[in-house]
Amino acid sequence: MGLNRMLRAIDGWRFEFCPEWIWCGLVVGALLLPVGCGAEIASPEPGTNASSGASGKTESVFSNDIQSASGQQSGDESKGGMEGGSGNDATSVTDPVGGDWRSVAREFIEDRQYQQAIAALTAKLIRDPETPEASLMLAECYAGLQNFDLAIETSEGIPLREEGQSVSPFGLAALGQSAMWCVNAHRYDDAIAKYLELIDAIPTSGRAHREVAYLLNRQGRRHEAARHIRVLCKMGDIRRDELHSLMVLSDAIYDDPGQLSESKAGERRYEPIGASGVARKLFAEARYVDAASLLEESVVSGQSQGAVRALFGRCLAEAQDDQRFARWVTTNDDESLQYAEYWAAMGAWLVNQQRFDEAVRALSEAILLDPTDVRSYRRLEQCFTALQRTDDAKRWYDRHQLLREVTLASNMIGSSSPPQQASFATVSDGLKRLGRPLEALLWEVMGLQSLSQNDAQMAADGLTLDSRFEELNQRLLKIVRSGDSFPSREERLIGLDYRSYPMFHFDPALVSVKERAPNRKASATTTPHWVDVARDVGVTHSYQVASNPQDSEFSIYQVVGGGVAVIDYDLDGHVDLYFAQGGADPPDFQGQISNQLYRQSESKFIDVSSRSGTIETRYSTGVTAGDWNQDGFPDLIVANLGINSLMINNGDGTFRREPTDELDDLSMVSSSIGMADLDGDHLPDLFEQTYVHDPAFTRRPTRNAGGIVEILSPFLFQPGMDRILFNDGMGGRVATDVSVSGDARGTGLGLVIADFDGQSGNEIYVANDMLPNQLWKRTDEKKLADMAPMSGASLGHDGTRTSSMGVAAGDFDLNGSLDLHITNFENAPVRLYLSQRGVYRDRAITFGLAEPSYEFVGFGTQAIDYDNDGLEDLVVANGHVENTGIETSPFAQFPQTFTNLGDRFRLVDFGGESEYFMTPHVGRALARADINSDGRDDCVVTHLGENSAILINETKSENHFLRVKLVGTHSERDAIGATVSIGTKSHSSQTKWVTSGDGYLCRNEQVVTFGLGKDAEVQTLGVSWPDGTQETFENIAVDRTYLIVQDQGEFEY
């Protein structure tokens, strides 16, 4: 295919630009409009390029009356004719033939004897200064000598208009050639100005529109370029690269200057011009911080155009840089308001502030100016979802999906040889539905031109290319004459009455400096050291996706993997581990290998599955632990394909297994599971996630001719309805769907249950794969409402859905609110939802997590303060969902640790230490526990087809710690929903939450760990119990674990 320019990834689809756009060639010679319809009379020249490189060669393409500017040699050839002159020394040659100066000068020029030509022309101009043809030829000589600045200066002396104000043919030629020389001299802004002046003189100059659009596109000024390309569309004089550039204007058309491909004759390379050209590419790649940094100097100095200033503001809004964004808004001028990206920037900022009504108005203004703004489509869907206007939200979602479909089809055309006619039809039909009929017709022309004269279908229809072109020509004329070539205001806004929404007011005072200032920065950073001891301590668990080894072509249920629950089932003070196992096949999903319970004894782990009665040979995924019957002994819950299992701890080292309920539906793929009080009766209930619920869930992917394996999307299957199993108080369970609305069906993988809002009762956060995330809050007895859209925790900062897998919960910015870190699919950033007064804002970009996570498929994640400095760090298990065979999407991937610096995270470079993190794995669940009871939290990680890992934290640190375990009496015993806060001398406060669900298919140790840094005493410790009561303790000794029983004080554990 040649060089493939792949730009912005949006929800798994890309706007691509390929060199074939130029060479498949839209030569619409038959589609020329008569004078009066805005047509250019001359035939288009699809193979020409206005800029002739570094040579001085010019063509009289701007005036047919002037021929003297043609026939000059290339710059390399002209070097032999320079004769060492500067272009200014004309004293050695006189005017040899007074009246025949033109032929003499032309002969010198053709022989590349520029100095002699200059002498002859200078002599002529001395005698007759008002000879524009001589001045034009003189400028041509300077260009031949590579002195483009002097050539431009000379040509600028030729007036564009004659005394009667009619356009001078020599002035026209001089202006066009001067513009090209400006390009050769890298004076791009001057070139653009000259082309615009030429267009002002001759509005139907297709060549001028083409060249100025080309330069503007390379400068990243895509919206300005589009105005000229639309003129070319109306003329029927359009090339594929130009037409394709109209698809999504906020993305870039870009050729990497460092990757030169073999060029075809006349091929245009869209190498970026200036900082704005590179910034546009960075913006398309979601590298907003880098893009803003590139643009800042020119914007602050006042040397940038309005379009560039608008792009700068949009980069700041997307980068969540509120301080610089506030300065941009308050120092902006009215020129920027003419551009869609000003309004899109304001809309993005308003959405981030949860000011959805005002955001609708700003985003609507953006789409009126740019109906291709796919990012604003997504944000409008986000706004209307938050405003509970589901019909409007669906309209904008459908509009986004339609443009996605059209763009993917157009990319297929560029990457296929020959392109498929079905792709042309998809593009054309989709553009019609988007209210873009002229573009739709021109894509239809392209499809026609890709056919051969002997195409069987055309022969069968009795048609010829000429007859089809004539038909299309008549349709083009009709569209242009109708004035409806491009979408109307009504079509752009899908009938939205945007004026009914309030215009925003920006108050810089609302951008609080404190909001971005960290509550505490890391005083020093320590590189973590993790050691995998699993095999050394006797853990040999390896999750298998089938009864026989399988390393590719996974069904949707197999990609989920299996979880691990940390449990002290025998209450000896040492954590034990329960691992899920797959190892079974359809149709009954009963296997030969079981889940495994490992008991820790004398620093070793012993498999006690058989003697404990915890054998489970169904295909299992998620696991959790909790005290279901409130007898003081933790029980186990297992999510299976089919019926789920509750294993009641008998208190004697054995368990009694019973089904969670009677639902034994093998088409239901369960994932994470959690236990907590969900209805306020102080008894634990169960929350069961369902990933997909579809009889076809065993479908296997296919391989293409190149051996690449298909990735099965959850969209290929019916989503599932999550369920709550309420405790009836007598050991039984009453099952109910989480919602009566079918729209609540999801593709849940990650789960956290906690008190998110500080009010009485637990909330349930569900991380969905490619569907909006959900935050369920109890509004009435046993009734839940999804608060995620209103709170900002449903979609990413840019309005995109997340392929959410794992969830880590912790107070990452130390503001006393529970935050969430969500892992994502490759080519998309993770989410970092920071909570402030009940509102969540995705700050992954600001905190440095977006770019390092972009190429990974993340699963399990945990907040772990690995060095006990008081700042929650992050550990992430990565691994692809399919062994595709694509080199850039490896199956096994490196795990990651991120150090919390207070105001950002930094990816840890292990530098050869911590072998586990230097080796790729197919990671899945990740649980937190202090395995060896040394006060440093460790990790347990499951994989696909590889031994699970027990990562002991051996980080060198002298920091202190405090660990707290809660037991409820009035509240349910596990105290899910409680918070523990401490105050120390040097740190004002820290808060931890007692949670369930715990991220991805797992259960963490039921203990909260505080890193204290150098503080040797905890001055205050407060517990807010789930029933609303509070207790406070003072002067707590450190470096130990405390058991706090509600209303009974604290005990050292």
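Guide: The buried residues of helix H20 are covered by parts that include helix H11 (240–245), helix H19 (390–415) and helix H21 (437–449), where contact means heavy atoms within 4.5 Å, and helices are DSSP runs of H or I with at least four residues, numbered from the N terminus. This is a predicted model, in which local features need pLDDT of at least 70, side-chain atom pairs count only at pLDDT 80 or more, and totals for chains, interfaces and linings use all residues. Residues are numbered from 1 along each chain as its sequence is written, and side-chain values use heavy atoms, with hydrogens and water left out.

H20 itself spans residues 421–433, and its 13 residues reach 18 Å from the first C-alpha to the last, close to the 18 Å expected at 1.5 Å a residue, the expected span being 1.5 Å times one less than the number of residues. The buried residues in H20 (under 20% relative accessible area, with exposed meaning over 50% and partly exposed in between, for a 1.4 Å probe and protein chains only) are Ser423, Phe424, Val427, Ser428, Gly430 and Leu431. Seen down the axis of H20, these buried residues fall within an arc of 165 degrees, so they line one face of the helix; the arc is that of the directions from the helix axis to the C-beta atoms. On the face of H20 turned away from that buried side are the exposed residues Ala422 and Arg433. After H20 comes glycine 435, whose phi is positive, near 75 degrees.

How values were computed: Helices (H or I, at least four residues) and strands (E, at least two) are DSSP runs, numbered from the N terminus.
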